[in-house]
Amino acid sequence: MLVKEYRICMPLTTEEYRVGQLYMISKHSHQESEKGEGVEVVRNEPHEDPVHGLGQFTEKRVHLSSKLPGWARAVTPRIFYVTEKAWNYYPYTITGPCDRRAFGAEYTCSFLPKFSIYIETKYEDNCGDNESIFHNDKILGDHEVTCLDIAFDEIPERYYRSAEDPRYFSSVKTGRGPLREGWRELTKPIMCSYKLVTVKFEVWGLQTRVEHFVHKVIRDVLLIGHRQAFAWLDEWCEMTMEEVRQYERETQEATNELIGRVTPSISISEAEQPSATQSAPASAPSTPLSGDAPEFLHVPKDRPRKKSAPEMLTLPALRERSSAE
């Protein structure tokens with residue numbers, strides 16, 4: 001298990017960010033959903049917690065089969081998706097890693113039962129200087145803290161769009177931007193999204209390297225999504241919560257229709273669903289994936305392979321398809 005804390009500042013108030021986050025996630029998900037792939041919304045419903053009050057629960061499936069690199073498609077079934085379950089009680093999404101509902105978002109994989117991601121999120125109107133926001137008796141030990149700069153931290157070149165670069169974007173409606181060096185100390189208003197991310201990949205021999213690799217992907221996802229939320233500011237800054245919820249519903253319907261409902265040809269066992277099923281905005285857009293296998297996933301030729309390895313990595317349907325070819 002590898003735990004890291006990410007702090008992402010935005011030139012917004014927390015109330016503005018609430019609308020902008022919903023708009024960004026809906027628009028991004030729709031843009032990425034094509035040819036039966038993308039983000040399918042399974043549930044999006046209000047949820048009331050006895051302690052934290054009225055919130056929102058969402059369950060989404062991020063379909064990835066055709067978007068996987070070649071090395072991953074060789075060992076995964078045709079029906080492959082990541083399930084995201086999110087519980088939001090804005091301006092925070094509950095604490096307590098021992099309770100599944102306490103996480104802002106929970107990600108599980110239809111193909112890898114030993115893989116999961118948990119994200120707890122809190123929002124505050126400051127520049128990311130709250131050093132104790134996640135320090136409580138339920139979180140054991142220290143964790144690495146990374147402050148992400150939406151303007152000056154690098155993102156993968158294939159995801160760069162000049163129109164979404166905060167160093168050049170200037171909002172016509174609010175006058176905010178472009179963001180210059182030191183903007184987090186000088187900009188008003190400013191808020192910070194604090195995310196405590198726990199990655200688990202319980203496979204001997206690969207756990208440490210895979211967990212570090214996943215955190216690198218999460219970092220890129222957070223940067224790309226927050227850059228878009230700021231670059232699209234003029235599109236959503238005048239929306240009310242009711243209007244952005246309506247936009248969310250409309251784009252979800254269009255996205256689900258675009259993806260289509262696909263019946264899995266393999267049996268998939270998922271984590272137990274909490275008794276109260278409701279929905280909240282997803283915490284991040286769909287994960288960008290590179291086309292090349294990370295070097296650490298290549299098994300040395302002279303390394304003895306466990307006898308059970310082929311059974312763990314090759315599904316029956318995949319074996320039948322391979323023998324037929």
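Local features need pLDDT of at least 70 and side-chain atom pairs count only at pLDDT 80 or more, while totals for chains, interfaces and linings use all residues. Residues are numbered from 1 along each chain as its sequence is written, and side-chain values use heavy atoms, with hydrogens and water left out.

Q: Which helix of the chain has the lowest confidence?
A: Confidence is given as pLDDT, the predictor's value for each residue from 0 to 100, and its mean over the chain is 73. Helices are DSSP runs of H or I with at least four residues, numbered from the N terminus. Where pLDDT is low, the predicted coordinates should not be read in detail. The highest mean, 98, belongs to helix H5 (residues 233–236), and the lowest, 38, to helix H7 (residues 309–313).

Q: How far apart are the end C-alpha atoms of helix H6?
A: The expected span of a helix is 1.5 Å times one less than its number of residues. Helix H6 (residues 241–259) has 19 residues and should therefore span 27 Å, and this agrees with the model, where its end C-alpha atoms are 26 Å apart.

Q: Is Lys-27, which meets Glu-235 in a salt bridge, buried or exposed?
A: A salt bridge needs a side-chain nitrogen of Lys or Arg within 4 Å of a carboxyl oxygen of Asp or Glu, and for Glu-235 and Lys-27 the N to O distance is 2.9 Å. Buried means under 20% relative accessible area, exposed over 50%, and partly exposed in between (1.4 Å probe, protein chains only). Because its relative accessibility is 16%, Lys-27 counts as buried.

Notes. Helices (H or I, at least four residues) and strands (E, at least two) are DSSP runs, numbered from the N terminus.
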